[in-house]
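Take a look at the model below. The text after it walks through the fold, then through a few residues.

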Amino acid sequence: VFQTILIFWFKLYQKTWQGFPPNIFLGMRETLIKGFQVVIILSMNWWATEFYTVQAGILSKIENDPSILAAYAVLTSTFSLVWCVNQISMVTAARFVGHQVGHLDLLGVRTAEKRTWLVCIPLSTGLCLLWLLFSSYWVELYTQEERVQELVHGSFWIMMASIYTLGVGSWAQGVLQGLGYLKYPAYFSTFSYVFVGQPTAFVLWKYQGYGLQGIWIGSWVGQIVNTFLQFFALNVLATPQKLIAERKERELLERK
């Protein structure tokens, strides 16, 4: 809203577009759809985490043990820190791959995929291993209560496995975004986090007695399914060869 006010107040549109042409809103529907898909890609994992928080709260109330929710808060805080790094990995992959797609350079796309993989995956691996090695010291920064520490340590490796899987999946999502295929990351992540991860977590803690570990196992299962689907899309449904061939064909038709 503020940017719109500035545009009209200083009449910036006269310096750029020379006024608004009649076809300014053409393509708005497609833009809004892509914008919605990007919101899902960036936010779905976070929203899923919030729903896991609700489940942890219900479990804590049923068990009459506030330490469960406290332990979940410690784990989620750690998860969020590494999640931010995974988001950087996703954006980096999208940026470099998208640049090569713009040049219709298949070899360049493959090179960008390889280079971002060699940066993003070791970074995610290193962070996860670092936190696993120093998990005892990390947990003590949050709490000195033995019950909370016990619960955190019992689920810490599951949480790290979940976030490592997320890191691998984030790279694939980034490549798909760079290729311009936004619908696959958006819809597959929604399916995985909402219709796979959440029910799995609920069944495990509610009916199988896994407690806090069940919630994080559910999260991990959702990440595994999502990562598998992202790689399936990247290698079968939305390959770089297919995209570049389509763009070259479109350019030929436009020239004719």
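What follows moves from the whole chain to single positions.

This is a predicted model, where local features need pLDDT of at least 70, side-chain atom pairs count only at pLDDT 80 or more, and totals for chains, interfaces and linings use all residues. Residues are numbered from 1 along each chain as its sequence is written, and side-chain values use heavy atoms, with hydrogens and water left out.

Start with the overall plan. The chain has ten helices and zero strands. Helices here are DSSP runs of H or I with at least four residues, strands are runs of E with at least two, and numbering starts at the N terminus. Along the sequence the pattern reads α-α-α-α-α-α-α-α-α-α. Along the principal axes, the C-alpha atoms fill a box of roughly 70 × 45 × 35 Å.

Now the surface and the interior. Of the 256 residues in the chain, 45% are buried. Buried means under 20% relative accessible area, exposed means over 50%, and partly exposed lies in between (1.4 Å probe, protein chains only). The chain exposes about 14,600 Å², and carbon and sulfur atoms supply 66% of that area. Accessible areas come from the Shrake-Rupley method with a 1.4 Å probe; for residues, only the protein chains shown count as cover.

Among contacts between residues at least 6 apart in sequence, 80% join residues at least 24 apart. A contact means heavy atoms within 4.5 Å.

Charge comes next. The chain carries 18 positive and 14 negative charges, and their mean positions are 16 Å apart. Lys and Arg count as positive, Asp and Glu as negative; His and the chain ends are not counted. Each charge is placed at NZ of Lys, CZ of Arg, CG of Asp or CD of Glu.

How do helices H7 and H8 run relative to each other? H7 spans residues 146-179 and H8 spans residues 183-206. Their axes come within 9 Å and cross at roughly 150 degrees. The axes are lines fitted to C-alpha atoms, for helices over the stretch in contact, and angles run from 0 to 180 degrees between N-to-C directions. H7 and H8 are therefore roughly antiparallel. That label applies over 145 degrees; under 35 is roughly parallel, 65 to 115 roughly perpendicular, and the rest oblique. On the H7 side, Leu166, Gln173 and Leu176 meet Tyr184, Pro185, Ser189 and Tyr193 of H8.

Turn to helix H4, residues 66-102, which holds Asn86. Asn86 counts as buried because its relative accessibility is 0%. Beyond its neighbours within four places in sequence, Asn86 contacts Ser124, Ile163, Leu166, Gly167 and Ser170. Cys120 is 34 residues from Asn86 in sequence, with 7.8 Å between their C-alpha atoms.

Thr76 is also in helix H4. At 13% relative accessibility, Thr76 counts as buried. Its contacts, neighbours within four places left aside, are Thr49 and Trp216.

Asn64 has a positive phi of about 55 degrees, although it is not a glycine. Asn64 is exposed, because its relative accessible area is 68%.

Last, visit helix H6, residues 135-142, where Ser135 lies. Is Ser135 buried or exposed? Ser135 counts as buried, at 12% relative accessibility. Not counting residues up to four places away in sequence, Ser135 touches His153 and Phe156. Ser135 and His153 are 18 residues apart along the chain, and their C-alpha atoms are separated by 7.7 Å.
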